[in-house]
Amino acid sequence: MRCAIVVNPASGKRRGRQIGAQAHERLVAAGHQAQVIQGEDAAEACIELRRAIARGIDTVLVVGGDGAAHALLDQLADADLTLGLLPAGTGNDLARSLGIPAKDPDAAIDVVLRGNTRQIDLAAVGTGDTRQDDVLVATVVASGFDSKVSERAQAMRWPRGNMRYNIAIAAELRAFEPLEFTLTLDDGELLHRRAMLVAVGNGPAFGGGLRICEGAQLDDGLLDVAIINPLSKLMLLRVFPRLYRGTHTTLPEFERHLVREVRLESPEIVAYGDGERLGPLPRTVRVRPGALRVLVP
């Protein structure tokens, strides 16, 4: 294995460096070639990774969360490269969906050393018919109440981690009203909905374990469109814990569609993918079947 270990030093309460060094030591001891890439920011890390790819690596290990992996997807998709995940972020939803231990760095490194791989899909998110500017997403594209919460949380300087997200939920809920959505499914069907949120899942979860697209498979060549139709604010508070268990799918307000492509439209709503801000709707989300090779247990 010729490996680049890309470290987000701020991940894992700044344990990213330690986990990266631990992975490097174990890989070298096992006879693999390994180098650590640690940029000051995601842009610098991407530049350094391009240089490493040009030198002939075959594996990229990401020490961080979903956002750290998200920043590298355009370099890894449809390439002769394998992605390994060493979870150290706030969410780690992609790692959990793949069965990679999220709280045990040694166990995650064991997964890398065993070398088992799996091809998974990605979601390509763009603003129109052209695919030149598509952004790749591995987990969920979120819009609606959840993206409004993310906008609020991103603007907060305190507290850090999931507590900031919980505070943003409470603050957003006071003013939130159902939103007007228009969805165009890949068979041309138009859906007009007043909804709390619309999520498009390549995988089942986002936001640190919110299983909004429960049942979504990472390698079925399809996207799951999850819609939660209007709920009272009190009911939304009661339902929210069920999102962590995936049991909300039995609610009459829940609606699910399986598609290869969907266009989302809603005035003044911003989309998020892998927890990162993608930009305002409308956006078209298309599946990229088998676009990414990943190391799995």
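1. T82 touches D58, T59, V60, T117, R293, V294 and L295, leaving out residues up to four places away in sequence; contact here means heavy atoms within 4.5 Å. T82 belongs to strand β4. Its relative accessible area is 8%, so T82 is buried. Buried denotes under 20% relative accessible area, exposed over 50%, and partly exposed the range in between (1.4 Å probe, protein chains only). Helices (H or I, at least four residues) and strands (E, at least two) are DSSP runs, numbered from the N terminus.

2. On the basis of the note: this is a predicted model, in which local features need pLDDT of at least 70 and side-chain atom pairs count only at pLDDT 80 or more, while totals for chains, interfaces and linings use all residues. Residues are numbered from 1 along each chain as its sequence is written, and side-chain values use heavy atoms, with hydrogens and water left out.

3. Strand β3 (residues 59-64) is mostly covered, with 6 of its 6 residues buried. T59, L61 and V63 point one way from β3, whereas V60, V62 and G64 point the other way, and all are buried. In a regular strand the side chains alternate between the two faces of the sheet.

4. What are the partners of β3? Strand β1 (residues 2-7) pairs with β3 in the parallel sense over 5 bridges, and V63 of β3 stands opposite V7. Strand β4 (residues 82-87) also runs parallel to β3, joined to it by 6 bridges; here G64 has P87 as its bridge partner. Two strands are taken to pair if DSSP finds at least two bridges between them.

5. Strand β14 (residues 270-273) and β15 run antiparallel and are joined by 4 bridges, with A271 opposite G279 in β15.

6. The largest nonpolar core has 52 residues, of which L183, I212 and V262 touch the most other members. The largest share of this core, 5 residues, comes from β11. Apart from it lies another core, of 48 residues, among them L81, L94, A291 and V296. A nonpolar core is a set of buried Ala, Val, Leu, Ile, Met, Phe, Trp, Tyr and Cys residues joined through side-chain atoms within 4.5 Å. Leaving aside neighbours within four places in sequence, L183 is in contact with E189, L190, L191, V198, V225, I227, V262, R263 and L264.

7. How many aromatic pairs does a search of the whole structure find? There are 2 aromatic pairs. The ring centres of F145 and F176 are 5.0 Å apart and the planes stand at 75°, so this pair is edge-to-face. F145 lies in helix α8 and F176 in the loop between α9 (162-175) and β8 (179-185), so the pair ties together parts that are 31 residues apart in sequence. Both F145 and F176 are buried. Rings of Phe, Tyr and Trp (its six-membered ring) pair if their centres lie within 6.5 Å; planes under 30 degrees apart count as stacked, over 60 as edge-to-face and the rest as tilted.

8. F240 and Y244 form an edge-to-face aromatic pair, at 6.4 Å centre to centre and with 70° between the planes. Both lie in helix α10 (residues 233-245), 4 residues apart, about one turn of the helix. F240 counts as buried at 14% relative accessibility, whereas Y244 is partly exposed, with a relative accessible area of 36%.

9. Q217 is found in the loop between β10 (197-201) and β11 (223-228), and touches N202 and L222, residues up to four places away in sequence not being counted. Between Q217 and D121 the C-alpha to C-alpha distance is 8.9 Å, although they are 96 residues apart in sequence. A polar atom of the side chain of Q217 lies 3.4 Å from the backbone oxygen of G215.

Notes:
Polar contact = N/O pair within 3.5 Å; in protein donor to acceptor, adjacent residues only side chain to side chain.
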